[in-house]
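Here is a short briefing on one protein chain. Look over the sequence and the model first, then work through the points by topic.

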Amino acid sequence: KGAHQWLIEFINEPTDLEKFKEVLDATLREVNSDYDAKRYKNMILTPPVLTILPKGGFDNWLKTKNKLGGQNKIPRLANNREILEQILSVINT
């Protein structure tokens, strides 16, 4: 089984991260029938995994790519872990 992993940097972190995760999952299921089918009874996908980034973490990663500011296209989704691992390596140093 797999799961979507979300890297999130909050301006104001929710007081109940578990509730936030439940609402995120429910909303994804509502707007994306493919995701909903894969989440059915946790058969293919389990609930999303949240990784909370420290403030400035995403900007620090953008700096390493020389993409901070200006007209840069920011990746939103990926079918592999390449970008995710890059971001995690920057915030964990």
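A residue counts as partly exposed when its relative accessible area lies between the buried limit, under 20%, and the exposed limit, over 50%. Lys-21 has 21% relative accessibility, so Lys-21 is partly exposed. The model is predicted. The notes below start with the whole chain and then move to single sites.

**Overall build**

- The chain has 4 helices and 2 strands.
- Starting at the N terminus, the order of elements is β-α-α-β-α-α.
- The C-alpha trace spans about 40 × 30 × 25 Å along its principal axes.
- Buried residues make up 18% of the 93 residues in the chain.
- The accessible surface is about 7000 Å². Carbon and sulfur atoms hold 52% of that surface.
- Take the contacts in the chain with a separation of 6 or more: 67% of them join residues 24 or more positions apart.

- Glu-9 sits in the loop between strand 1 (5-8) and helix 1 (17-31).
- Its relative accessibility is 32%, so Glu-9 counts as partly exposed.
- Which residues does Glu-9 contact, leaving aside neighbours within four places in sequence? They are Leu-53, Pro-54, Lys-55, Gly-56, Gly-57 and Phe-58.
- Leu-53 is 44 residues from Glu-9 in sequence. In space, the two C-alpha atoms are 4.8 Å apart.
- The Glu-9 side chain has a polar atom 2.7 Å from the backbone nitrogen of Gly-56.
- The Glu-9 side chain also reaches the backbone nitrogen of Phe-58, at 2.9 Å.

**Thr-51 in strand 2**

- Thr-51 belongs to strand 2, residues 49-52.
- Is Thr-51 buried or exposed? Thr-51 is buried, because its relative accessible area of 18% falls under the 20% limit.
- Beyond residues up to four places away in sequence, Thr-51 touches Gln-5, Trp-6, Leu-7, Ile-8 and Leu-88.

**Salt bridges**

- Side chains of opposite charge can pair when their charged atoms come close.
- How many salt bridges does a search of the whole structure find? The search finds 5. Some of them are described here.
- Glu-18 pairs with Lys-21 in a salt bridge, with the closest N and O atoms 3.7 Å apart.
- Both Glu-18 and Lys-21 lie in helix 1. They are 3 residues apart, about one turn of the helix.
- Glu-18 is partly exposed, at 44% relative accessibility.
- Lys-38 forms a salt bridge with Asp-34, and the closest N and O atoms are 3.2 Å apart.
- Lys-38 and Asp-34 are 4 residues apart in helix 2, so about one helical turn separates them.
- Lys-38 has a relative accessible area of 32% and is partly exposed. Asp-34 is partly exposed at 45%.
- Arg-29 forms a salt bridge with Asp-36, where the closest N and O atoms are 2.6 Å apart.
- Arg-29 is partly exposed, with a relative accessible area of 25%. Asp-36 is partly exposed as well, with 30%.

**Loop between helix 2 and strand 2**

- Lys-41 is found in the loop between helix 2 (33-39) and strand 2.
- Phi of Lys-41 is near 50 degrees, a positive value in a residue other than glycine.
- Lys-41 is exposed, because its relative accessible area of 64% is over 50%.
- Ile-44 also has its place in the loop between helix 2 and strand 2.
- At 49% relative accessibility, Ile-44 counts as partly exposed.
- Which residues make the nonpolar surface patch of about 340 Å²? Tyr-40, Met-43 and Ile-44 make this patch.

**Asn-66, between helices 3 and 4**

- Asn-66 is in the loop between helix 3 (57-64) and helix 4 (82-91).
- Its phi is near 55 degrees, a positive value in a residue other than glycine.
- Asn-66 is exposed, because its relative accessible area of 72% is over 50%.

Definitions and conventions
Residues numbered from 1 in each chain as written. Predicted model: local features only at pLDDT ≥ 70, side-chain atom pairs only at ≥ 80, totals over all residues. Heavy atoms only, no water. Buried < 20%, exposed > 50% of the residue type's maximum accessible area, 1.4 Å probe, protein only. Contact = heavy atoms within 4.5 Å. Polar contact = N/O pair within 3.5 Å; in protein donor to acceptor, adjacent residues only side chain to side chain. Patch = residues over 30% accessible without salt bridge, like charges linked within 9 Å, V, L, I, M, F, W, Y side chains within 5 Å. Areas by Shrake-Rupley, 256 points an atom, 1.4 Å probe, with all protein chains shown as cover. Salt bridge = Lys/Arg side-chain N within 4 Å of Asp/Glu carboxyl O.
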